[in-house]
Amino acid sequence: MNAMAYTRYELLRTIRNRRFFVLSLGFPLVLFFLIAGPNRNVHNLDGTGISAPMYFMVGMVAFGTMSSMLSCGARIAAERAVGWNRQLRISPLSTRSYFRAKVLTAYLMALLSMAVLYASGASLGVSMPASDWLKMTLLILLCLVPFAALGIAIGHMLTPDSIGPALGGGVALLAFLGGTWFPIPSHGFLHDLGQLLPSYWLVQASHVALGGHPLGTKAWIVIVAWTLVLAAVARRAYRRDTGRV
């Protein structure tokens, strides 16, 4: 199996898994309408000058894309459990091509989640210039890189039985510390802790739509540092799991 064929297979397999596909896209969407729907006529949420649909749309975009990226770990864990990884290792498919397919699939799910939430936000009156939509999308895609590495790492460290609760709890915690559900105070322990996490800067990337400042040097240092650390952890977990050196 060559790299192109496997990538196409991985994309089709993910889309045809209706239960996974619907839940991955549907959960953030349902949360958005449950929270933003009753507040669709609130145009100044808690004195921020921002409408409730827009505020919660960008929050759910951060939450949904983070979940999409980490979901590649669940697919890796499932494949390990049935021995599919071992079959692939004796095929011509390279390790790099295998992981590239996983990351591309995760990004596809993230893009679909963004598109669905953008359309849902527009249905509740969210509107902004096309340049802001594009800027927000590009920043979010860049800030998702460390989560791809994290997904690969946990996919090789956890079993299918344990990865579900780990992903659910992990995403919820990262979303909480990142400020998805409510603004992080401008000072204090939560603020200091949040700025050390990639989820905080992912949320800030989505907040560009709310008039937030472009990500600065500190943000990119945190994103790059976590990407390098998590990539190293993923490499070590893969080698330990497969016995490769």
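In the predicted model, helix H5 passes helix H6 in a right-handed crossing. The axes of H5 (95-123) and H6 (residues 130-143) lie 12 Å apart, and the two helices pack at an angle of about 150°. Angles over 145 degrees count as roughly antiparallel, and H5 and H6 are therefore roughly antiparallel to each other. On the H5 side, the contact is formed by Tyr-107, Leu-111, Met-114 and Tyr-118. These residues meet Trp-133, Met-136, Thr-137, Ile-140 and Leu-141 of H6. By class, the contact of H5 with H6 comprises 8 nonpolar residues and 1 polar residue, with no charged residues.

Helix H6 also packs against helix H10 (residues 198-206). Here the axes are 8 Å apart and the angle is about 170°, which makes H6 roughly antiparallel to H10. From H6, the residues Met-136, Leu-139, Ile-140 and Cys-143 meet Trp-201, Leu-202, Ala-205 and Ser-206 of H10. The contact of H6 with H10 has 7 nonpolar residues and 1 polar residue, and charged residues are absent from it. Met-136 and Ile-140 of H6 take part in the contact with H5 and also in the contact with H10.

A further packing partner of H10 is helix H3, whose axis comes within 8 Å of the H10 axis and crosses it at roughly 135°. That angle makes H3 oblique to H10. H3 passes H10 in a right-handed crossing. In this contact, Val-58, Ala-62, Thr-65 and Met-66 of H3 meet Ser-199, Leu-202, Val-203 and Ser-206 of H10. The contact of H3 with H10 divides into 5 nonpolar and 3 polar residues, with no charged residues. Leu-202 and Ser-206 of H10 meet residues of H3 and also residues of H6.

The largest pocket holds about 430 Å³ of space. Its lining consists of 17 residues, and those nearest the pocket centre are Ser-24, Ser-67, Ser-71, Leu-167 and Gly-168. Two or more lining residues are given by each of helix H2 (18-36), helix H3 (52-82) and helix H8 (160-178). Among these elements, H3 gives the most to the lining of the largest pocket, with 7 residues. In terms of class, the lining of the largest pocket has 10 nonpolar and 7 polar residues, and no charged residues.

The second largest pocket has a volume of about 370 Å³. It is lined by 16 residues, of which Phe-99, Val-103, Ile-152, Ala-231 and Ala-234 are the closest to its centre. The elements giving two or more residues to this lining are helix H5 (95-123), helix H7 (145-157) and helix H11 (217-242). The lining of the second largest pocket is made up of 10 nonpolar, 2 polar and 4 charged residues, whereas the lining of the largest pocket has no charged residues.

Methods: Residues are numbered from 1 along each chain as its sequence is written. This is a predicted model: local features need pLDDT of at least 70, side-chain atom pairs count only at pLDDT 80 or more; totals for chains, interfaces and linings use all residues. Side-chain values use heavy atoms; hydrogens and water are left out. On a 1 Å grid over the protein atoms alone, a cavity is a set of points where a 1.4 Å probe fits but cannot get out, and a pocket is an open set with protein on both sides within 12 Å along at least five of seven lines; lining residues have an atom within 4 Å of a point. Grid points are joined across faces, edges and corners, and a volume is the space filled by probe spheres set on the points. Helices (H or I, at least four residues) and strands (E, at least two) are DSSP runs, numbered from the N terminus. Ala, Val, Leu, Ile, Met, Phe, Trp, Tyr, Cys and Pro count as nonpolar, Asp, Glu, Lys and Arg as charged, and the others, Gly among them, as polar. Axes are lines fitted to C-alpha atoms, for helices over the stretch in contact, and angles run from 0 to 180 degrees between N-to-C directions. Angles under 35 degrees count as roughly parallel, over 145 as roughly antiparallel, 65 to 115 as roughly perpendicular and the rest as oblique. A crossing is left-handed if the near helix is turned anticlockwise from the far one by less than a right angle, and right-handed if clockwise. Contact means heavy atoms within 4.5 Å.
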